[in-house]
Amino acid sequence: MRQILVAGNWKLNGSRDSIEQLLSGIVAGAGAAANVQIAVCPPFVYIPQVAERLAGSPVAWGSQDISDQDSGAFTGEVSASMLNDFNCKYAIVGHSERRSLYAEDDAFTARKFAAARKGGLIPILCVGETLEEREQGVTESVVARQLDAVIELEGVAALNDAVIAYEPVWAIGTGKTATPQQAQDVHAFIRGKLAELNVGVADKVQILYGGSVKGANAAELFAMADIDGGLIGGASLDANEFLKICSAGA
Ligand code: PEP
């Protein structure tokens with residue numbers, strides 16, 4: 001039985017004060033969703049603050065990105081071992097904003113996935129199609145290609161220690177949510193594709209949905225057979241809204 005995971009992706013938002021308030025609210029209400037795994041992914045610079053505040057709480061934390069390198073002359077990068085110093089559990093890799101705004105391709109994303117695993121972090125691998133790709137009817141082949149890059153580099157068993165987030169690009173930050181059935185169809189495709197290679201991995205891996213999830217639509221999404229929680233952008237910046245989403249998985 002897969003547990004529901006709700007992970008907040010704060011993106012480029014927050015300040016020391018606003019994060020203190022947000023975390024207080026989340027910690028105060030997290031107990032109401034005790035059977036749900038909860039995590040937040042702040043900007044790198046706030047990870048020490050988050051780690052200190054959340055230590056001993058049921059809420060885990062992670063990064064929004066990770067370097068594919070361990071150390072050395074890579075200006076601006078943050079490695080898995082650095083994230084481990086602050087007890088990060090997760091690292092998001094291949095978010096569509098990294099792919100589209102910073103030209104991170106499938107192969108680079110796969111190397112980041114590998115670096116996260118090598119460092120003992122759980123990668124949250126984001127996959128998903130653009131609106132144009134959906135309209136062209138190539139959603140499945142796009143998602144398959146994004147997954148294959150990781151499987152070719154790391155092997156399918158690597159997904160035993162990972163999370164997949166299906167995030168249709170057209171639904172991210174747009175207020176347009178995929179219908180539960182649209183999301184379920186792609187989740188089932190992903191699980192089916194993995195099952196062809198390794199049934200155990202397919203059964204175990206959590207596949208999150210991301211794209212304008214809110215308190216009002218989370219329950220119907222999480223009720224679908226292959227949706228194991230959500231990767232939450234905008235709504236994760238409001239403690240009450242985020243907690244409503246968490247409770248929807250309880
Ligand atoms: C995201 O960025 O991962 C995301 C799902 O954003 P939003 O919830 O704002 O659509």
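**Helix packing and the ligand site**

Guide: Helices α7 and α8 cross in a right-handed sense (the near helix is turned clockwise from the far one by less than a right angle; helices are DSSP runs of H or I, at least four residues, numbered from the N terminus). The model is predicted, with local features needing pLDDT of at least 70 and side-chain atom pairs 80 or more, while totals for chains, interfaces and linings use all residues. Residues are numbered from 1 along each chain as its sequence is written, and side-chain values use heavy atoms, without hydrogens or water.

Helix α7 covers residues 139-154 and α8 residues 180-197; their axes lie 11 Å apart at an angle of about 40 degrees (lines fitted to C-alpha atoms over the stretch in contact, angles from 0 to 180 degrees between N-to-C directions). In a second pair, α10 (residues 215-222) packs against α11 (residues 239-248) at about 20 degrees, with the axes 8 Å apart. That angle makes α10 roughly parallel to α11 (under 35 degrees). The crossing of α10 and α11 is right-handed.

Around the ligand there are 14 residues, K11, H95, E167, G173 and S212 being the closest (a heavy atom within 4 Å). The side chain of K11 places an N or O atom 2.6 Å from a ligand oxygen. The protein buries 95% of the 290 Å² that the ligand exposes when taken alone (Shrake-Rupley, 1.4 Å probe).

Notes. Polar contact = N/O pair within 3.5 Å; in protein donor to acceptor, adjacent residues only side chain to side chain. Helix = DSSP H or I, 4+ residues; strand = E, 2+ residues; numbered from the N terminus. Parallel < 35°, antiparallel > 145°, perpendicular 65-115°, else oblique.
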